[in-house]
Amino acid sequence: MSRLRIFDVEQPQTPTSVHEDHASIARELGKVGVRFEQWEASQPVAPGASQDQVIAAYRNDIDRLMAEEGYQAVDVISLTPDHPDRAALRQKFLSEHTHSEDEVRFFVAGAGQFTLHIQDKVYDVLCEQGDLIGVPDGTRHWFDMSEAPYFVAIRLFTNKEGWVANFTGSDIAGQFPRMKPLATAA
């Protein structure tokens, strides 16, 4: 189940509010400029589908978002619990960082946890199948895929080559809860 937990930056163990319905999550994230949507495939997506098949299943929403926001590229990334580099890939984005362009991810399958540090609040967003999150450029955040990652995600970019993590040097990410492995991926 998708979930948003909002924390005071000084109280990393106790959320001030928890939201589990999509409308409430979208409303709360919208207040701080973060896009949160639900998408449905226009055709079935079988396990192991190619990148082209996955993109075709969500083409209408992808095209809408590209037209609205000016994104120029789209691809599909997937990771499973048996990937030999899963620990290194997880570690890559666990520290607080920013990007010079939006980070847009749609979860076709599985889950990932985006945690956003905005002013004096931390927004911990568990995204699952059907969820799209759009983190605006310059937003301090980190991403966790758990110790046993499982996800297939569509990524949209303005400039794929320019999508680089700029680390803030803060240790805040280590103070907040990490993502637990999915029961189906354990």
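Ser-146 is buried, at a relative accessible area of 2% (buried means under 20%, exposed over 50% and partly exposed in between, with a 1.4 Å probe and protein chains only). This serine sits in the loop between strand E9 (140-144) and strand E10 (151-157); helices (H or I, at least four residues) and strands (E, at least two) are DSSP runs, numbered from the N terminus. The model is a predicted one, so local features need pLDDT of at least 70 and side-chain atom pairs count only at pLDDT 80 or more, while totals for chains, interfaces and linings use all residues. Residues are numbered from 1 along each chain as its sequence is written, and side-chain values use heavy atoms, with hydrogens and water left out.

Most residues other than glycine have a negative phi. Ser-146, not a glycine, has a positive phi of about 75 degrees. Gln-119 is not a glycine either, and its phi is positive at about 55 degrees. Gln-119 lies in the loop between E6 and strand E7 (121-128), and with 67% relative accessibility it counts as exposed.

On to the aromatic rings. A search of the whole structure turns up eight aromatic pairs; rings of Phe, Tyr and Trp (its six-membered ring) pair if their centres lie within 6.5 Å, and planes under 30 degrees apart count as stacked, over 60 as edge-to-face and the rest as tilted. Trp-39 and Phe-106 are stacked, because their ring centres are 4.7 Å apart and their planes stand at 25 degrees. This pair ties together distant parts of the chain, 67 residues apart: Trp-39 is in the loop between strand E3 (35-38) and helix H2 (51-57), and Phe-106 is in strand E6 (residues 103-118). Trp-39 is buried at 4% relative accessibility, and Phe-106 is buried at 0%.

Phe-106 also pairs with Tyr-58, this time tilted, at 4.6 Å centre to centre and 55 degrees between the planes. Here the link spans 48 residues, with Tyr-58 in the loop between H2 and helix H3 (59-69). Elsewhere, ring pairs join Phe-107, Phe-114, Phe-143 and Phe-151 into a cluster.

Strand E6 also holds Thr-115, which is buried with a relative accessible area of 1%. Leaving aside neighbours within four places in sequence, Thr-115 is in contact (heavy atoms within 4.5 Å) with Val-122, Tyr-123, Asp-124, Arg-140, His-141 and Trp-142. Its C-alpha is 9.4 Å from that of Arg-178, 63 residues away in sequence.
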